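Hello,

Here is the structure I promised to hand over. Please open it alongside this email, and read on below for what turned up.

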Amino acid sequence: VQTHVLEPPPPPAVIRRISGVYPHLAVTSVQNECGIGAVVPWADRLWALTYAPHKPNGSDDKLYEIDTNLVRTIRPESIGGTPANRMIHDESQQLIIGPHFIDTNRNVRTIPYSTMKGRHTANARHLTDPANLVYFVDMEGAIYEVNVHTLAVKRLFKKPVPGWHAKGGYTAQGRLIVSNNGERGGANEYGPDLRVGGPPQGEEA
């Protein structure tokens, strides 16, 4: 339960630039870490979202929309979390950033964390139906399949490869490639669930 929410300040009447820095574009959070998890130019706007540590169920972090006049809008669809994934899906003409799907008219649809829990780190094109489906890779190791039209979610794998803290993924040459930070121990030490011991910070979803 959040007891305090620190909202970013409202846009200033005059936008100031100080040594190349625009102070009004600063982002804030009540978490013990706050930074930009992903940033993408799309639909005549710059989209960015903030990133909190270890928040697979969401947080007070925001999705920001910045126009060509550097006016920043906090989108009401924001649900926070620990997202770093981003992808432009050409066939449906949508930006996927964090749990959000944004069309060319800047309409935002969001998959709630109650439907797809996790710290999503990457998106990748689907191997067999790239026009309608995309992959989401979660930092805990899970891989999801999402319909870009309905936002229906299907978890394909809970943890298909060894290692913790997945960091990226892509598809190429008929394969889905995922990467992570690995873990200590030789290959002969892995158990049937593809891990040595447990996650370092209780991160498994």
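**What was found**

The chain exposes about 10,700 Å², and carbon and sulfur atoms supply 51% of that area. Please keep in mind that this is a predicted model. Of the 205 residues in the chain, 42% count as buried.

**Overall build**

The chain has 14 strands and zero helices. Read from the N terminus, the elements run β-β-β-β-β-β-β-β-β-β-β-β-β-β. Take the contacts in the chain with a separation of 6 or more: residues 24 or more positions apart account for 47% of them.

The largest nonpolar core has 12 residues. Among them are Met 87, Ile 96, Phe 101, Ile 111, Met 116, Phe 136 and Tyr 144. The elements that give two or more residues to this core are β10 and β11.

Met 116 is a handy place to begin looking. Leaving aside residues up to four places away in sequence, Met 116 touches Ile 111, Phe 136, Tyr 144, Val 146 and Val 153. There is also a second, separate core of 11 residues, which includes Trp 42, Leu 63, Ile 97 and Ile 102.

**Salt bridges**

Side chains of opposite charge can pair when their charged atoms come close. A search of the whole structure finds seven salt bridges.

Glu 91 forms a salt bridge with Arg 125, and the closest N and O atoms are 2.6 Å apart. Glu 91 lies in the loop between β5 (86-89) and β6 (94-97), while Arg 125 lies in strand β9 (residues 120-125), so the pair ties together parts that are 34 residues apart in sequence. Glu 91 is partly exposed, with a relative accessible area of 42%. Arg 125 also counts as partly exposed, at 32% relative accessibility.

Arg 119 and Glu 140 meet through their side chains in a salt bridge, at 2.7 Å from N to O. Arg 119 lies in the loop between β8 and β9, and Glu 140 in the loop between β10 (133-138) and β11 (143-147), so this pair ties together parts that are 21 residues apart in sequence. Are these two residues buried or exposed? Both Arg 119 and Glu 140 are buried.

Arg 75 forms a salt bridge with Glu 77, the closest N and O atoms being 3.1 Å apart. Arg 75 is buried because its relative accessible area is 13%, and buried means under 20%. Glu 77 is partly exposed, with a relative accessible area of 22%.

Look also for a network. Salt bridges that share partners join Asp 44, Arg 45, Glu 65, Arg 75, Glu 77 and Arg 106 into one.

**A histidine in a loop**

His 165 lies in the loop between β12 (153-157) and β13 (166-172). At 18% relative accessibility, His 165 counts as buried. Not counting residues up to four places away in sequence, His 165 touches Arg 119, Met 139, Asn 180 and Asn 181. Arg 119 is the residue that forms the salt bridge with Glu 140.

Most residues other than glycine have a negative phi. Two residues are worth a look on that point.

Leu 70 has a positive phi of about 65°, although it is not a glycine. Leu 70 is found in the loop between β3 (63-66) and β4 (72-74). With a relative accessible area of 24%, Leu 70 is partly exposed.

Arg 106 is not a glycine either, yet has a positive phi of about 70°. Arg 106 is found in the loop between β7 (100-103) and β8 (108-110). Arg 106 counts as partly exposed, at 26% relative accessibility. Arg 106 also belongs to the salt-bridge network described above.

Best wishes

Definitions and conventions
Residues numbered from 1 in each chain as written. Predicted model: local features only at pLDDT ≥ 70, side-chain atom pairs only at ≥ 80, totals over all residues. Heavy atoms only, no water. Helix = DSSP H or I, 4+ residues; strand = E, 2+ residues; numbered from the N terminus. Buried < 20%, exposed > 50% of the residue type's maximum accessible area, 1.4 Å probe, protein only. Salt bridge = Lys/Arg side-chain N within 4 Å of Asp/Glu carboxyl O. Core = buried A, V, L, I, M, F, W, Y, C linked by side-chain atoms within 4.5 Å. Contact = heavy atoms within 4.5 Å. Areas by Shrake-Rupley, 256 points an atom, 1.4 Å probe, with all protein chains shown as cover.
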